Every structure is written in C-alpha cells, then in structure tokens.
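Keep the 3D view open as you read.

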Number of protein chains: 2
Amino acid sequence: MAAPGGTPRFVAVDVIDLRFPTSLQLDGSDAMNPDPDYSATYVALRTDADDGLEGHGFTFTIGRGNEVCVAAVRALAPLVVGRSVAGVLDDLGGFWKALTGDSQLRWIGPEKGVIHLATAAVVNAAWDLRAKRDGKPLWRVLCDMAPEELAGCIDYRYISDEITEEWVRERVRATRPRRAEREAALLAGGVPAYTTSAGWLGYDDDKLRALCREAVAAGWTHVKLKVGRDRADDLRRAAILREEIGDERFLMLDANQVWDVDEAIDRTLELSRFAPLWIEEPTSPDDVLGHARIARAVDPVGVATGEHVHNRVMFKQLLQADAIRYCQIDSARLGGVNEVLSVLFMAAKRGVTVCPHAGGVGLCEYVQHLALFDAIAVAPDVTDRVVEYVDHLHEHFVHPVRIRAAAYLAPEAPGYSADILPESRERYRFPDGVAWLPS
Amino acid sequence: MAAPGGTPRFVAVDVIDLRFPTSLQLDGSDAMNPDPDYSATYVALRTDADDGLEGHGFTFTIGRGNEVCVAAVRALAPLVVGRSVAGVLDDLGGFWKALTGDSQLRWIGPEKGVIHLATAAVVNAAWDLRAKRDGKPLWRVLCDMAPEELAGCIDYRYISDEITEEWVRERVRATRPRRAEREAALLAGGVPAYTTSAGWLGYDDDKLRALCREAVAAGWTHVKLKVGRDRADDLRRAAILREEIGDERFLMLDANQVWDVDEAIDRTLELSRFAPLWIEEPTSPDDVLGHARIARAVDPVGVATGEHVHNRVMFKQLLQADAIRYCQIDSARLGGVNEVLSVLFMAAKRGVTVCPHAGGVGLCEYVQHLALFDAIAVAPDVTDRVVEYVDHLHEHFVHPVRIRAAAYLAPEAPGYSADILPESRERYRFPDGVAWLPS
C-alpha cells in the first residue's frame, strides 16, 4: 500500500514464461511454422494503490525464444517501477516514449524484434490497467477519450510525413457524428470475423473438408487456407475449400512469408483461379518494395500483411507504396496499443482496410477491442472489415472472446481482456509448470 | 577431446556479458545515444577437436540490454552444440540457414533485433574458427574461396529478385584478373579510413578544434561530425570542422536517426554550405522510402546509412530505391559474415560504395577484413571507399587494428581478429567484473 496520502506507484513488473504444447496437434501449422507451441511472455504490473487492480498484458511467441522476451521485459522493468500510477495512466503517450526511448535499450531494436515484443507486453498491461481503473472495456476507453488525449497517445516520430497530431485530432472529431449509429450496429451484430481454424497446413484433406463444412454450417462467410509448401497440394486444397464454401463466400490464402517476390507472383496468379480475396504474407515482412510489386502483379487479388510488420515506420511505407489492400495489425508485435493507434489512423488516411491478425494466445482477446474502436471511431468505411478468429486456447482467459454468427460480441468487462486464469498460468509456466513436467 | 577416430564436434557455446564504462568520458556520444557503455555479447565456440582452437565472436551493444542478447545466444546454443566441426566450417551457408531458420526462434525476429544480433555473434565466431583452422586472416579465407563455396555462403531467400547464386559465382570469377594488383596496393598502403574520434557531440568546441588539428596532423583526409541536436550548434561546429580541415579534405555528417524525413531534408540543406560528402542516418533506419526522398532532395550531398539496417532485405530495398550512395554495413548487426557478403554483392551490382560502420567494441577489428575482401574481390571501383575508424578500446584485443597514415594495415593473424584478452574479459564482465564493482 502507498503511504497514507502518498502517490500510488508501480512496485513490480512480474513476468512469466507461459507455453502451451500446441505442437502436439499441429494446430497452427503453416508453411513457415510447422510446429508452434503457442506462448506468451505474460506481464502483471503491480502497484501500491489501494484499489487492488493489476494491469495484465502479454506478447505472443511460438515457443523457443519466449525466455528471451522474458529477459527483455526484465530489462524494461526499471523504466516502470517507481513511476506514479496516475502519471503513467494519464499520459500513456509519454509512457510509450519512455519505454522506447531508452538510449541504450534502443540499440538492440530499435523498435523491432525482442525488445519491441517486450514493449508490447508492458504497454498493453498499462492500457489494461487504465481500462480497469476507468471501469470500462478498452475499446470504450478509446472511444471516450477526448481528441487531444487520443492524439497524444501516438508517437509521430518518423511518421510525421504521413500523419500529424493535428490531423489525428481532426479525424477523431470528424467521426463523432456517425459514432452512435455504428456503435449500435456493432453492439447488436458484433464485429464480423473470419476463421482460420479450418485450413492449417498440417491437416489432411478429409479434415480440411470436414472443417470447411462445419465452418459453413456455423455461419462463417470468410475462410482462410494456409498455402506455400507443395504447389499441387495448394491447388488441390484450395479447390476443396472453394467447393465446400461455394462462390458466395470468401476464400483467403496465407503463405506465411515462404516465397520470394517472383515466386509469390507466380504462385498467386496460379491460385487466382479460386478467386481469393487476398494473398497474405506472400514474402518477407520487411520487403515493402517487394509487396508493392506483388500487389501490382496479382491484382485483383489483394495483398494482405502485417502480423510480422514490426512497427509504424514499416506500415507507413506499405501504405505509401500502395503495397497492401488489407492491413493486418498485430496487437503484440507492434509496441502495444499506442503504436496500433498510429497504424489505424494511417490506414484510415489511405483508405486501406484494417483486418487485424489474431489467433495464437490471446490475440483474439486483444484485437476485438482494437477492431471495435477502429470501426466506431476511425475507419472511413467498414463494409469489408473482417477480424481473424482462431478457436484455440480461449478457455484460459478470465474474459474469453464470445463468437456468435461469425462475429465477435463486444467485450464488456473492464480492461483489455488480457487476464489469463491463475490456474492456467501455474500449469503452463515453462519449464516448471505441470504441463511441461515429464508424465 | 573427441573419441580417437571420432568426428570432432562443438561442445559448448560460452557467452559473457562484457561492458566498458565509456559513458564516463562521453566517448561515443551522439544525438541519439548520449551516454553509451560500449558492450559486447561475447561468444566462444568450443570443440572437442585436438587442435585447441576456439572460435570467438561477438555482437556489439551500448550497455543495458546486452544481457538480453546473452539470453538470445543461449537460445541459439542448442542449434550449435553437437554439430560436427567440419560440417559447420565447410558449409557455413548451411550453418547460417540452420541458425536463422529455426521456426520457433524465427518468430521473435525474423532476422532482426536481439535474435539477429545474437546470430551475428555466433556466426562470426564460426567464421573466426574457420579462419583459424585455415591458418589465415579472414579476408584471405574469403579471397581464397572457390566461387562455388563463396556463392554458397549467401542466403538468397528474399533477395533473389536482386542477385542469384549464379550471378555471384560469375562476379567472383570476373574479378580474378584484377585481384593481384589490388591486393598488392592494399597490402602496401592499407585500407583508407576516416575518423569519427574528433566529432562526438559531447565534446565542446575547444576539444573539437584541438582534435581536428590532431586529425589533420595525423594525416586523416576524412573527418566525421555528429549533428542533430541543436541547430545553431550544428552550424557552428561544422564551421569549426571545415575551417580546421580545409577545403581539400572531406567532411561527413552523422545525425544518428534523430530527424523525421522533412526535417532531415531541411537540416541537411542548411548544412550543405559546408559541402559534406554525406549525411549519415538522417532518419529511421527502417524508412527506405524516406531515405529515397531525402537522397533526391539533398543531392549532391550523398545519403549514407546502414549501422542500424537490420538485414539484407532492407539493404536490398535501399539499393533498389536509389536511397543511399554509401552503404554502411554493420558486421555485428547483419547476421554475421554470410549476410554481409550478400550486401557487398548487391551493392557492387548497383555500383554503390561500401563504407563499413565501425567503432564501438571491436567493429574496427571486424570490418578491416570485410573492407579488404570487398576491395580486392567484389567492388567494381575503390576510389571513394573509406572505412570508419574510432580509437576506442583496441587495447583489449589480442590482435588490435593497426592504423598507419589514415589507413588500416591488412591483418595478418589467423582468424577474424575478434579475440579479446582474457584479462579484459575478466575485468569488464558485467556485473561482476572488477571494473563494475563499487570502488
């Protein structure tokens, strides 16, 4: 507890290495990631305030290396502990800059890779605490922010040639008249989603077919298929998927970065006979110019990317180069909510559709908030926005996502839906949780 | 020792966190990095071969966060230990792919940030061992490689739209006739260098002026100044430098990423009255399109960047977009020698000058090998190539660089010149070396 009358401060950044042995079922298998163990570097921010609240957040990895992200969170912790709670929660823009601006830690990024993943975990935990303090789900905290505060959460460094603080403030003001209508529609119908659960690369044809039928029966209108290993397999599996979902639904393809630029063009053109809505991650996430070439060559198939796009500077360029039609922000790879906001506004300015990446551990829980906020308060148009949905590991969350008729229902609990059940945290802690002990 | 008649194998990846308290003198201070503590994540590869050789290598950081790189080396170690020594040293291309291709570790990059810095340390150590085994300095190992082996060291994934293995083989063959002549010239005169030691931002005007005079007296023809904090300071300091070095020598400017794109153009144009050869790191290292805009706007001042350019895919785009005139490869940020090779060949193809980044701890020791190899066997033209030189911390190396008349003398000892003296490793180990204990 803070001394009576004292300023409540952050007293600890607890971090644990959580891993789920998903590789056993080949859930989540794709051409680049054959056997992921979905993992979280899980952070709890503790304070000495007497409200008993903790901010929880995480970044997502797929197993080995999660311990490196844990080490990076520990490196960031001294930048958090001792700060005033109100000072952080009422100036989340300043907090972001403090974490990303440490001149020595910056060297091991900057704003990319492990240190940025760790930044995401800590920043998201701070936003979770802010939302809990406000007693609102995160999406509503964002919707309720004054234009000045919202615009102040974004770091414009390196993107001022694309958007400015004044522009964001104006944009926020401009969307106000339409908000009530959009919010009502989204609260009633939910946020439209698509499913990736049918099309993992490790599933055989029979399982793929059966899962497609289930998906159609459950009301899904958009179904995604993993491609990029064997050419003949891709064509056969895409045919199965199109056959099962029919022409009136949407098929998306995801190559998970396995192709070079020319190969991506060649393979996508070949698969275009199945009329995919998009080709996702056709090549290296770093290759802005490559994506731009692919986009020009495979049109009318759209190019989608983002789950491995490491910061706002890269998204800025993908947008400037007209390299993507679908912007797939990742809530745990970008440096938390602040940086996601910058990308939402840049995409809105360019009229590019934001379809958040999800799946893994807890990414669905996160992105439902971001997609709701985007749809209500930022996006110029919401007709073709779909949020990824994968049906893994939700049972470990205190407030799991709720899907109804192929849509995310708006979360209602205060916070960023990041809390994992204490018993799951205990059981899947690596390497000493029960789930990881030799049986 | 390997069992008699058995295959020698790697038995350990030793790693230590070395830090030098350079922040005390403001050596190395610039607009982004006010108080670096030059550090190394230092790796020793041990084998059970009976030759007693160890491969040493490191990556460079500036203090906090070095322990995160150490954790990343530990994450890579299982990919090394147990491998056949000959299997690795005779297929360094395959070794690189094994380290960067681990599907789970890839997620926390890919090929960027902490995991890639750690990859550099391990890969460079393997090249050091190769050179020690061959009994040659690394530059000569590279020069002596058959075109097939050299071309096979490069990972063409994501750069095949720019160079291919066949093209590299041909290029290597094509440079053979001229090599003897170039080598003789470089062995006689050394590799031309420039100095950054005069112009650190933390030095006052008197110290700057005195160091410029010393530099001129010592024969330096290229002197670099740190800029990017206060506008008036930059103009005054650039005037001092130009006054001291005269019109016949070259002045370079380095902004260390502090500007946004429009600001970089504005500030560089203002400083262009001092006729700088280049403006280095004018903005975010991730901003290919931004660098391209700056390059067009500030011509004839050249744009230089690279010390924070994280992999070959980014360099590919900087070259494709005509965004840099000087390509500043970093030997410890790119994933070791293999990835440096890919950038040398791409730069050669585009006719862009390679001026390696150096300084820090041991970067000078590394890059002298790379610059020699480039000049002898790759670069189409060597007239304007200068390698950075900074006079810090060489005393800790077993085979420190030797500078004579503003040039690096060709290293002669077998290896990659990476070995740090055992007593220095002991003294500067963080946090328990004597240098870090409270006095």
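## Ground rules

Helices (H or I, at least four residues) and strands (E, at least two) are DSSP runs, numbered from the N terminus. This is a predicted model, where local features need pLDDT of at least 70, side-chain atom pairs count only at pLDDT 80 or more, and totals for chains, interfaces and linings use all residues. Residues are numbered from 1 along each chain as its sequence is written, while chains are lettered from A and ligands numbered from 1 in the order in which they are written.

## The chain as a whole

Chain A holds 17 helices and twelve strands. Its C-alpha atoms fill a box of roughly 70 × 60 × 45 Å along the principal axes. A compact globule of 439 residues would have a radius of gyration near 22 Å, and the 21 Å of chain A agrees with that. (The radius is taken over C-alpha atoms, and the globule rule is 2.2 Å times the number of residues to the power 0.38.)

## How the two copies meet

Two copies of a chain are related by a rotation about an axis and a shift along it.

At the interface, 52 residues of chain A are in contact with 52 residues of chain B; contact means that the C-beta atoms, placed from the backbone, lie within 7 Å. Elements giving two or more residues to this side of chain A include helix H5 (113-134) and helix H12 (261-271), but the largest share, six residues, comes from H1(A). By class, this side has 23 nonpolar, 18 polar and eleven charged residues. (Ala, Val, Leu, Ile, Met, Phe, Trp, Tyr, Cys and Pro count as nonpolar, Asp, Glu, Lys and Arg as charged, and the others, Gly among them, as polar.) Since 100% of the interface residues of chain A are also interface residues in chain B, the copies meet through the same surface.

## Two helix pairs

H3(A) (residues 92-100) and H5(A) have axes that come within 11 Å and cross at roughly 160°, so the pair is roughly antiparallel. Residues meeting here include A:Trp96 from H3(A) and A:Trp127 from H5(A). This contact has eight nonpolar, two polar and one charged residues.

H10(A) (residues 205-217) and H11(A) (residues 231-245) pack at about 25°, with axes 9 Å apart, and are therefore roughly parallel. Their contact has six nonpolar, no polar and five charged residues. For both pairs, axes are lines fitted to C-alpha atoms over the stretch in contact, and angles run from 0 to 180 degrees between N-to-C directions. Under 35 degrees counts as roughly parallel, over 145 as roughly antiparallel, 65 to 115 as roughly perpendicular and the rest as oblique.

A cis peptide bond, with omega about 0°, joins A:Phe430 and A:Pro431. A:Pro431 sits in the segment after helix H17 (422-427) of chain A. In chain B, the bond from B:Phe430 to B:Pro431 is cis too, with omega near 0°.

A:Glu281 has a phi near 45°, a positive value in a residue other than glycine. Look for A:Glu281 in the loop between strand E7 (278-280) and H13 of chain A.

Key. Two residues are in contact if their C-beta atoms, placed from the backbone, lie within 7 Å.
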